[in-house]
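Trainee: I've got a structure open and I'd like to walk through it with you. Can we start with the pockets?

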Amino acid sequence: MRLIQLNEFDVSRESILFMNGGGQIPLSKHSKLVQYFNHYNYNAFAVELPGHGKSRFHEEMTQDKFLSHFKNEFTRIIKEKKIKTRALIGFSLGGLFALKAIEMKILDVNYVIGYGCGFGIGEAEKDTFNYYTSEKFFHDMNWGTIMKKNHGKGWYNPLLSMDNLMNVESPIFSDLSKMGNDTQILIILGENEELFTPNFTKEMVQKNQSHNIHLRVVPNTSHFEYTSKSWENFQQIGRAHV
C-alpha cells in the first residue's frame, strides 16, 4: 500500500485520504472529488488499496490475510507520513476499508464518508456481489486490462482475493457497535444502488441507535453514478455533513 500525494503538501494543514473502489486504480489529482475538496485547503492523498495499483498480491488472500495485510500496511504508511487526517473518503471497497480503519482504530479522524458501501449485505444482493467480483465483470468493465498491466500474470490474485473477501458473512463489514462515537460517519447510497440497498443499511443503522452514523440517499442513482450523473446531489450531501 502507498499514500499518493495529490496536491502540494503543507505540514500545517490536515489531510483527506481518498480510497478507491475494488478493481480501480487510486484516485488522481484530476478526479472530480479530489478537485472539489481542494477548495477547502486540505492536503490530499490517494490510498492505494491492497492488491491495487502497484501494491501486488503474490498469492490469493483469504479473508483474514486480506484484512490483516490491510491493517499492517495502512498502519505503516500512516505512521511513515506523520500526517494529521481530517477525513477518510471511500467508494465501494474503499469505503468498506475506511470504515474498517475506524473499527480497527488504525487512526483518529473527524469524518468518514463512504459512498456505495455499507455495513453488510442481504441475501438479495448476494448474486450481484458474486458478479461484481467475477472475471466476467472485470472484463465487462475493462478492469482486467488495467490489472494485467499492473500485475501481469498475477492479476488473478487480487481478483480471487476480493472474491474471497466479499460475501454475506464477511469480516470486511464493520461492526457498528465497535465504531465508537468520536468519528462522524456518513454513508451515501443511491436510491437504485445494486450492492448496498438503502433499506438494508437503514435497518442496521437504526438498530444500532448511534448518533454519529448517518445515512443519506441520493435519488435515481446506481452504484457507478455518484460522481457522474448524480454529482450535484452528491456534493450537496457532502457539503451539508462536513
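This is a predicted model: local features need pLDDT of at least 70, side-chain atom pairs count only at pLDDT 80 or more; totals for chains, interfaces and linings use all residues.

Trainee: Which residues line the second largest pocket, and how many of them are charged?

Mentor: The lining includes I102, K105, L107, D108 and V109. It also takes in K178, M179, G180, N181, D182 and T183. Sort them by class and you get four nonpolar, three polar and, for your question, four charged.

Trainee: Y115 has an aromatic ring. Which residue does Y115 form an aromatic pair with, and of what kind is the pair?

Mentor: There are 27 aromatic pairs in the structure. In this one, the ring centres are 5.6 Å apart and the planes are at 70 degrees. Planes over 60 degrees apart count as edge-to-face, so Y115 and Y226 form a pair that is edge-to-face.

Trainee: How many residues apart in sequence are the parts that this pair ties together?

Mentor: Y115 sits in strand β5, whereas Y226 is in the loop between β7 and α9. Y115 is buried at 7% relative accessible area, and Y226 is buried at 1%. The pair therefore links parts that are 111 residues apart.

Trainee: And W231 and F234, are they stacked or edge-to-face?

Mentor: They're three residues apart in helix α9, about one helical turn. W231 is buried at 10%, and F234 is buried at 5%. Their ring centres are 5.9 Å apart with planes at 20 degrees, so the pair is stacked.

Trainee: Last one: which residues of helix α6 are buried, and what covers them?

Mentor: The buried ones are W143, G144, M147 and H151. They cover an arc of only 100 degrees around the axis, so they're on the same side of α6. What covers them includes α5 and α7.

Notes:
Residues are numbered from 1 along each chain as its sequence is written. Side-chain values use heavy atoms; hydrogens and water are left out. Buried means under 20% relative accessible area, exposed over 50%, partly exposed in between (1.4 Å probe, protein chains only). Helices (H or I, at least four residues) and strands (E, at least two) are DSSP runs, numbered from the N terminus. The arc is that of the directions from the helix axis to the C-beta atoms. Contact means heavy atoms within 4.5 Å. Rings of Phe, Tyr and Trp (its six-membered ring) pair if their centres lie within 6.5 Å; planes under 30 degrees apart count as stacked, over 60 as edge-to-face and the rest as tilted. On a 1 Å grid over the protein atoms alone, a cavity is a set of points where a 1.4 Å probe fits but cannot get out, and a pocket is an open set with protein on both sides within 12 Å along at least five of seven lines; lining residues have an atom within 4 Å of a point. Ala, Val, Leu, Ile, Met, Phe, Trp, Tyr, Cys and Pro count as nonpolar, Asp, Glu, Lys and Arg as charged, and the others, Gly among them, as polar.
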